[in-house]
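Work through the exercises below with the structure open. Try each task before reading its solution.

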Amino acid sequence: MENLQTQGIGLPRLGLGTFRMQGDACRAAVESALALGYRHIDTAEMYANEEPIGAAIAASRLARKDLHVTTKVWHENLAADAIRRAFDASLKKLRLDHVDLYLVHWPSRHMDLPAIFETLLKLKQEGRIRAIGVANFTLALLKRAVEEIKAPIACNQIEYHVMLDQTKIRQYLAAKSIPLVAYCPLAQGRAASDETLMAIGRKHGISAAQVALKWLLDQDGVAAIPKASRAESQKANLDALKVKLDDQDRKAIAALPKDKRFVNPGFAPDWD
Ligand SMILES: NC(=O)c1ccc[n+]([C@@H]2O[C@H](COP(=O)([O-])OP(=O)(O)OC[C@H]3O[C@@H](n4cnc5c(N)ncnc54)[C@H](OP(=O)(O)O)[C@@H]3O)[C@@H](O)[C@H]2O)c1
């Protein structure tokens, strides 16, 4: 699979999202995805599923260098000692000696951003994180991280799909050669029943979900992490990489309303 090169790591463009997967079902889903060829797994301490993911990775017997694992620190744990505690716990549950990407999961109003990056970079120097990154950072916060603090962030993971415009952040990230990792790339499953996408899918003999994913993956510097529990959906999402959309398809998708944000917890700074 094609990788996005960023801050010394190769980030596979399609990963498996795991939010709301738990216990044995999570383990089975990750085992299935790894068997199908997924090499990028997205988790977080908040998902409470790092243990079954660790078990699935161990069972896969994949060489560590062939697998990309992202996990995240929750916004309540952004003090230096709390980050370290959270990180140690994540690593132990994942049964790994390092993660490929460690993200600030959500910004919080009272966070000390320079101190956060200092702690993350120490973990990187210790060889326990290959690259650091952020999620849910607004344009203003991104500018602070990149231009003021000069943090070597390897991605911004944000909600992005056919129903939400992210042009401003995408253009900023592209100008700085920082990948955008699209979460909720299927609009939490809604894309699968969108009439416009279904019509495009019928034309090509593919599903609406595949259309939605390929629209994202056709954009430079964009990776996507759809969550799929069922093996058929996991396979279909991998196969979306082979889909070819034409200008007419792109025009129809561009014309869809793009004002639907499905994730926005109250504690985060306002989006600009
Ligand atoms: N950084 C953050 O703050 C943040 C926030 C939200 C999400 N995320 C990450 O992004 C990942 C993806 O987001 P998400 O899980 O919210 O939403 P999503 O990936 O947009 O949609 C997931 C839904 O789509 C369904 N689906 C998957 N493939 C399909 C296919 N080929 N055809 C039809 N339906 C399909 C899934 O069904 P089944 O599961 O039943 O197969 C599930 O109901 C999360 O799992 C998480 O890793 C990060």
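**Exercise 1: a helix pair**

The crossing of helix 1 and helix 9 is right-handed. This is a predicted model. Task: find which residues make the contact of helix 1 and helix 9, and sort them by class.

Solution.
- Step 1. Locate helix 1 at residues 23-36 and helix 9 at residues 231-239. Their axes come within 10 Å and cross at roughly 35°.
- Step 2. List the contact residues. Helix 1 gives Ala29, Ser32, Ala33 and Leu36. Helix 9 gives Ala231, Gln234, Lys235 and Leu238.
- Step 3. Sort by class. The contact has 5 nonpolar, 2 polar and 1 charged residues.

**Exercise 2: an aromatic pair**

Task: the whole structure holds 3 aromatic pairs. Classify the geometry of the pair Phe19 and Tyr47, then state whether Tyr47 is buried or exposed.

Solution.
- Step 1. Take the geometry of Phe19 and Tyr47: 4.8 Å centre to centre, with 35° between the planes.
- Step 2. Apply the cut-offs. Stacked needs planes under 30 degrees apart and edge-to-face needs over 60, so the rest count as tilted. Phe19 and Tyr47 are tilted.
- Step 3. Place the residues. Phe19 is in the loop between strand 3 and helix 1. Tyr47 is in the loop between strand 4 and helix 2. They are 28 residues apart.
- Step 4. Check accessibility. Tyr47 is buried because its relative accessible area is 8%, and buried means under 20%. Phe19, at 34%, is partly exposed.

**Exercise 3: charges over rings**

Task: which ring face does Arg190 lie over, and which does Lys258?

Solution.
- Step 1. Arg190 lies over the face of Phe262, 3.8 Å from the ring centre.
- Step 2. Lys258 lies over the face of Trp215, at 4.9 Å from the ring centre.

How values were computed. Residues numbered from 1 in each chain as written. Predicted model: local features only at pLDDT ≥ 70, side-chain atom pairs only at ≥ 80, totals over all residues. Heavy atoms only, no water. Axes fitted to C-alpha atoms, helices over the stretch in contact; angles between N-to-C directions. Helix = DSSP H or I, 4+ residues; strand = E, 2+ residues; numbered from the N terminus. Left-handed = near helix turned anticlockwise from the far one by under 90°. Contact = heavy atoms within 4.5 Å. Nonpolar A, V, L, I, M, F, W, Y, C, P; charged D, E, K, R; others polar. Phe/Tyr/Trp six-rings, centres within 6.5 Å; stacked < 30°, edge-to-face > 60°. Buried < 20%, exposed > 50% of the residue type's maximum accessible area, 1.4 Å probe, protein only. Lys NZ or Arg CZ within 6 Å of the ring centre and 35° of its normal.
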